[in-house]
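The sequence and structure are shown first.

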Amino acid sequence: VDFLYPNVREPVIAPGTPELKLPLRVGIAFVPTLGARHDGGILTEKRRAELLSEVAAHFRKSPFVRSIEVIPSAYLRPRGGFANLNQLRTMYGVDVIALVSYDQTQFTDQGLLSLTYWTIVGAYVVKGQKNDTHTMLDTVVYDIASQKLLFRAPGVSQIKGSATLVNQSEQLRTDAEVGVKQATTEMIKNLDTQLVEFRAKVKERPEEYRVVRTEGYRGGGMLGDVMLLFAAALATAAWLRRRG
Amino acid sequence: MATTARMMRMRVPICTLTVALTAGVVFAVPTLEALFVYNREAIAHGELWRIVTGNAVHFSAAHFALDLAGFVVGGILLEAARPRVWTILCIASAAAVGALLYLAQPHVIVYGGLSGVVTAVFIYLSLQGATSHTIYRWVYITILVALFAKSIAELVVFQPDLMSSAFVPLPQVHAVGAAVAFLVFAGTRAPQLTALLSSARRAP
């Protein structure tokens with residue numbers, strides 16, 4: 001929210017009707033944050049790149065995606081908003097952007113027992129106990145030109161604290177790593193579901209999504225199931241004739 | 001002995017199996033796909049073989065399976081009966097599909113698929129059966145009429161599902177295949193075609 005709508009707590013969004021030029025050219029990037037993270041350095045640049053590649057691979061499986069560009073974090077400014085995304089659109093030639101955001105909190109302080117994540121669809125409140133680890137990964141997919149949210153795939157992990165005073169820092173670090181893995185797995189699962197649902201949504205609601213072909217496209221000559229019936233009919237007729 | 005003699009007389013459909021195997025290898029090896037696929041820009045730069053070889057390229061497992069199933073059945077039936085016609089028909093329909101795309105479909109940058117050739121084979125087999133003097137003649141006439149109805153319906157009402165396919169299906173290539181089959185049949189069996197058209201005119 002902070003990246004797309006800086007300085008607005010609860011944005012009122014009035015997107016236009018997206019014109020989806022199929023197959024889509026998609027960009028994928030991590031949302032930059034202001035200031036230092038409190039994640040203990042779990043999600044390093046290398047891990048982020050691996051995560052983006054994994055998400056990109058799931059987009060590539062979709063027949064309506066022509067290409068997917070992994071965009072380095074350096075090209076996104078904190079609070080860059082749609083102005084920043086429009087620059088990426090020109091620079092990388094992408095129409096749609098998948099923004100991955102990440103947040104992790106460990107309740108090491110007895111006094112702090114709830115936390116609010118601000119996601120693009122509203123507040124997500126987490127209640128915790130001491131030494132709990134909460135991780136949230138979120139992929140939001142936007143049509144840049146119309147600023148319309150196409151779909152969203154969150155992944156959440158909650159790990160109950162089992163650390164003692166003796167092994168607290170080591171256990172918290174392990175929990176942080178496991179939290180990222182669990183949240184990633186859940187997000188990827190949701191992403192697959194959302195990609196299928198998005199495909200159905202676009203077909204069912206033509207008034208909400210304008211679908212057009214790109215200027216130059218890939219064509220194919222494909223037989224339908226009916227042609228296999230014709231094949232069977234021809235083979236049967238030939239066999240009957242041969243039998244006399 | 002009799003079985004062995006019958007098997008000896010059976011022709012192995014070498015050409016059909018060769019084309020099917022080639023399509024399989026092209027589907028499995030991406031570098032070959034890049035070399036064979038119909039690519040408008042490459043053709044404009046002199047790579048003319050792509051006009052014909054593009055027919056052997058497929059973009060998904062379902063695309064490959066459906067086209068190959070149809071081609072193997074139709075190809076074996078035609079090659080067993082008329083091997084020379086098989087050669088003429090396959091080359092002519094493949095070239096006609098590529099040529100039509102190049103001349104009349106400038107938006108199609110890349111193309112692959114054997115369905116135009118398969119349609120040509122099916123139409124030819126139906127025409128051949130429909131002009132025969134057997135009791136199964138009406139079965140072939142029914143198949144022929146249904147094939148034409150399907151091809152026309154595809155051209156008139158077909159709406160491609162752009163979200164579900166890795167490519168835009170082009171029903172025009174089926175119409176091209178059908179037209180080529182008619183021309184080849186007219187060229188090789190003109191009297192039979194004239195008789196079929198006369199009987200169609202006499203039908204109530």
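Two strands count as paired if DSSP finds at least two bridges between them. Strands (E, at least two residues) and helices (H or I, at least four residues) are DSSP runs, numbered from the N terminus. The model is predicted: local features need pLDDT of at least 70, side-chain atom pairs count only at pLDDT 80 or more, and totals for chains, interfaces and linings use all residues. Residues are numbered from 1 along each chain as its sequence is written, chains are lettered from A and ligands numbered from 1 in the order in which they are written, and side-chain values use heavy atoms, with hydrogens and water left out.

**The sheet formed by both chains**

An open sheet of four strands has the order E1(B)-E2(B)-E10(A)-E3(B), with mixed pairing. Its edge strands are E1 (38–39) and E3 of chain B, each of which pairs on one side only. Strands of a sheet pair through backbone hydrogen bonds, either parallel or antiparallel. The pairings in this sheet are as follows.

| Strand pair | Sense | Bridges | Residues that stand opposite |
|---|---|---|---|
| E1(B) and E2(B) | antiparallel | two | Asn39(B) and Val110(B) |
| E10(A) and E2(B) | parallel | four | Tyr217(A) and Val108(B) |
| E10(A) and E3(B) | parallel | two | Gly220(A) and Pro169(B) |

Strand E10 of chain A covers residues 217–220. Gly219(A) in turn has Val168(B) of E3(B) as its bridge partner.

**The interface**

Contact (heavy atoms within 4.5 Å) involves 47 residues of chain B and 32 residues of chain A. The buried area, that is, the accessible area (1.4 Å probe) that two parts lose on being put together, summed over both, is about 3,600 Å² between chain B and chain A, and carbon and sulfur atoms give 70% of this area. Across this interface, 10 residue pairs are in polar contact, both residues being at pLDDT 80 or more. A polar contact is a pair of N or O atoms within 3.5 Å; within protein, one must be able to donate a hydrogen and the other to accept it, and residues adjacent in sequence count only if both atoms are side-chain atoms.

On the side of chain B that touches chain A, the elements that each supply at least two residues include helix H8 (115–130), helix H9 (137–157) and helix H10 (172–188). Helix H6(B) gives the largest share of this side, eight residues.

**Salt bridges**

A salt bridge is a side-chain nitrogen of Lys or Arg within 4 Å of a carboxyl oxygen of Asp or Glu. One salt bridge joins Arg210(A) and Glu19(A), whose closest N and O atoms are 2.5 Å apart.

**The five-stranded sheet of chain A**

Chain A also contributes an open sheet of five strands in the order E3-E2-E4-E7-E8, again with mixed pairing. Strand E3 (65–70) and strand E8 (148–159) are the edge strands of this sheet, each pairing on one side only. Strands E2 (residues 24–30) and E3 of chain A run parallel and are joined by five bridges; Val26(A) stands opposite Ile68(A) in E3(A).
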